[in-house]
Amino acid sequence: MKVWDASAIVPLLIAEPSTRPLQALAARDSAMLVWWATEVECASAIARLERDGDLDETAAAESFNRLKQIAPAWHRVDPVDAVRETAVRFLRVHPLRAADALQLAAAFVAAERRPPSLEIVTLDDRLAAAARKEGFVVTDAHR
């Protein structure tokens, strides 16, 4: 099982250059571990693209429907104290935004504080760099 960041899930919902490689990765290992708020982050990305005019109303509705279809199958890391405390530490040592720190902290807690035991799928370069520094294997999904 791999930890999927919202940045890697959005291309499964909206056609982007990285959609095909991510679809192939998801097909090889369909068990997706996500942070508790990943569905909200994905919805935010879709809504932002629609507001900015990069996604029309029909495409946005289709993307929200795909999100509703795949989200129930995800394995989620709940918002427990250990995730919050670890996220605060990550914010002190890595140049992360709050949501990315929570994402990485959730992976860290899910890995039972043994980062090499889990792989992270992300398209976010800043999150990928922090994850590597913490000892995670990061999937190169840009291919």
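Predicted model: local features only at pLDDT ≥ 70, side-chain atom pairs only at ≥ 80, totals over all residues.
For the charge comparison in this briefing, Lys and Arg count as positive and Asp and Glu as negative, while His and the chain ends are not counted. With that convention, the mean positions of the 18 positive and 21 negative charges of the protein lie 5 Å apart.

**Fold and dimensions**
- The protein contains 7 helices and 5 strands, and reading from the N terminus their order is β-α-α-β-α-α-β-α-α-β-α-β.
- A compact globule of 143 residues would have a radius of gyration near 15 Å, and the protein agrees with this because its own value is 15 Å.
- Along the principal axes, a box of roughly 40 × 30 × 25 Å holds the C-alpha atoms.

**Packing and surface**
- Buried residues make up 45% of the 143 in the protein.
- Among contacts with a separation of 6 or more, 62% come from residues 24 or more positions apart.

**A closer look at D124**
- You will find D124 in the loop between β4 (119–122) and α7 (125–134).
- D124 has 13% relative accessibility, so this residue counts as buried, the cut-off being under 20%.
- The D124 side chain makes a polar contact of 2.9 Å with the side chain of R97, and that of D124 also reaches the backbone nitrogen of L127 at 2.8 Å.
- Leaving aside residues up to four places away in sequence, D124 touches D5, S7, R97 and D100.

Notes:
Residues numbered from 1 in each chain as written. Heavy atoms only, no water. Helix = DSSP H or I, 4+ residues; strand = E, 2+ residues; numbered from the N terminus. Rg over C-alpha atoms; globule rule 2.2 N^0.38 Å. Buried < 20%, exposed > 50% of the residue type's maximum accessible area, 1.4 Å probe, protein only. Contact = heavy atoms within 4.5 Å. Charge placed at Lys NZ, Arg CZ, Asp CG, Glu CD. Polar contact = N/O pair within 3.5 Å; in protein donor to acceptor, adjacent residues only side chain to side chain.
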